[in-house]
Amino acid sequence: MIQPMDQRELMTLQHYLKEYGQQAEIFVSQLEMLENGRMEAHAAIEALEGMMATEDGVVLLQLGAGASVRAKILEPEKVMLAIGSEVVVERKNKEAIEFLKERIMEMEASQKKVAETLDRLRSQMNEINKRLETGYQQSMAAGEE
Amino acid sequence: MFGGLKEKLQAASSRLGSSIQSVVTASGSSGTGTAPQVSVPEKERLGSSPPRSVSPSLIDKFKVLVIEREMIVSKKDISDALSELELTLLESDVALPATDAIIAHVRKSIVGKQRKIGESVDSLVVGALKSALLEVLGHGFDLLGYIQTHPRPVKILFTGVNGTGKTTTVAKIGSYLKKQGFSVVIGAGDTYRAGAIEQIGVHAERLGIKIIQHPEGGDPSAVLFDTVQYANSHKIDVVLADTAGRFHNKANLMSQLEKIKRVMKPDLVVYVDEAVAGNDAVTRAFEFDKTIGADAVVLTKADMDSRGGAAISIAHTIGKPLMFIGTGQSYDDIAPFEPAQVVDELLDGGS
């Protein structure tokens, strides 16, 4: 005769699953934030490099809501860069690119760590899911008997 | 933990050492071998002139003489290296006031003081950086000592913004205190977030800690009042009061927190935030402290924070000690913040 899983154990497993799910959501949103930051840094590098490559220093400046104007960069060599702690410093174009590349590497390292944690959480969730599935099947089988 | 900051600090420390070393080499310029030389102006303790003929024995003697001489490092000698250190700290999200304090301390430790040439440049620089960091980090917070020296139950209220790991931190600290031999009761004061009561309930059950719960949507002040009553009647050592996450600019939620404070009269208000938030965590802690007060801070997710800016700056910026650091998912992944240990790890290359 099949012994059904204790209802309390089933409920606890459901709680675990819910809790892990909430944690996973937080890590997923952190991953998204890191990815956005990484893409933004790549775009900035591309723009900084493009600025140096133009002969007349004219760029298309986006004002928002799809509106843009042609603008002339007076000093493409000088870049105002937020380095952290709400501090902005003036850097040379190349230095700014180097800084952004370092930031990208940092973000990629963080992404790796968050992704590893997320993988661990998901594998724990899979385990719980399997146990829950077994529990439900046992309950159903016991009911049929 | 704080791998990026560690790497950058060690590089900055090495650059600072090189600056001192190069000034010494330039001013001494007389082949002092491996003995670290020092800067301008220098005065000689033993006034013998350098040897003209060079033989191994004479060089050895000269090394001894140089080692016995003294030097003074000038502000100019290290200004470039200090500027680099300043940028390194800012890039690691160390708050500006904390960065300024560290730079001022290092400058004060190194500039204008007489140094023996024999003194290792490395130890001079690392020593100055260590004492600067220790000054900024403060003394931490000895929770066990606090509990032992205060009337029971010691009531600890946890506050902070949403999603930073407050509830998990309450469970981790409960587990830590239980292992240290204290009896603990948890108050499920987050009656707002869906599933929060269940979440803390599961933690408490897993840890074998008594929990006081009311239905979802209830008054958190009532839950926490009942928790304190339970602790009083059962002679429990510590009350850990969980609360809903909130932002400091939400007036109604902050006034709810003030009510909780009035009702349960906590001995300690602990602000919880995540280390990965960097300078934002420092700003938020400052605002929380200003609005409802905080006695100590816990930083979570430090294992994912490569920069370490929040951990370095928070105590100095808001003037409240860092109590615990959360470093992972399991209950044991929390440790009391030990400033000396953190500084050693950052500068001595410990793990």
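**Entry 1: helix α9 of chain B**

I note here that the model is predicted.

Next I asked which residues of α9(B) are buried. I listed P220(B), S221(B), V223(B), L224(B), T227(B), V228(B) and A231(B). Why do they fall on the same side of α9(B)? They cover an arc of only 165 degrees around the axis, so they share one side of α9(B). I kept the general rule beside this: an α-helix has 3.6 residues a turn, so residues three or four places apart point the same way.

I then checked the other side of α9(B), where N232(B) and S233(B) are exposed.

What covers the buried residues of α9(B)? I found that the cover includes the chain B strands β4 (154-160), β5 (184-189), β6 (210-212) and β7 (238-243). The helix α10 (251-264) of chain B is also included.

I followed the backbone past the end of the helix. Just after α9(B), K235(B) has a positive phi of about 50 degrees.

**Entry 2: chain B as a whole**

I counted the elements of chain B and got 13 helices and 11 strands. Of the 351 residues in chain B, 49% are buried. I also looked at contacts in chain B with a separation of 6 or more: 76% of them are between residues 24 or more positions apart.

**Entry 3: confidence**

I looked up the mean pLDDT of chain B, which is 81, with 83% of the residues at 70 or more. Where does the pLDDT of chain B stay under 50? I found residues 30-59, for which the model has 58 contacts beyond four places in sequence. Residues 61-67 of chain B are also below 50, and this stretch has 15 contacts in the model beyond near neighbours in sequence. For the model I noted ipTM 0.73 and pTM 0.79.

**Entry 4: chain A against chain B**

I went to the interface last. I found 17 residues of chain A in contact with 18 residues of chain B. On the side of chain A that touches chain B, two or more residues come from each of α1 (7-53), β3 (78-84) and α2 (93-144) of chain A. Which element gives the most to this side? I found α1(A), with seven residues. By type, I sorted the residues of this side of chain A into six nonpolar, six polar and five charged.

Note on methods
Residues numbered from 1 in each chain as written. Chains lettered and ligands numbered in written order. Predicted model: local features only at pLDDT ≥ 70, side-chain atom pairs only at ≥ 80, totals over all residues. pLDDT = per-residue confidence, 0-100. Contact = placed C-beta atoms within 7 Å. Helix = DSSP H or I, 4+ residues; strand = E, 2+ residues; numbered from the N terminus. Nonpolar A, V, L, I, M, F, W, Y, C, P; charged D, E, K, R; others polar. Buried ≥ 20, exposed ≤ 12 C-beta atoms within 10 Å, placed from the backbone. Arc of directions from axis to C-beta.
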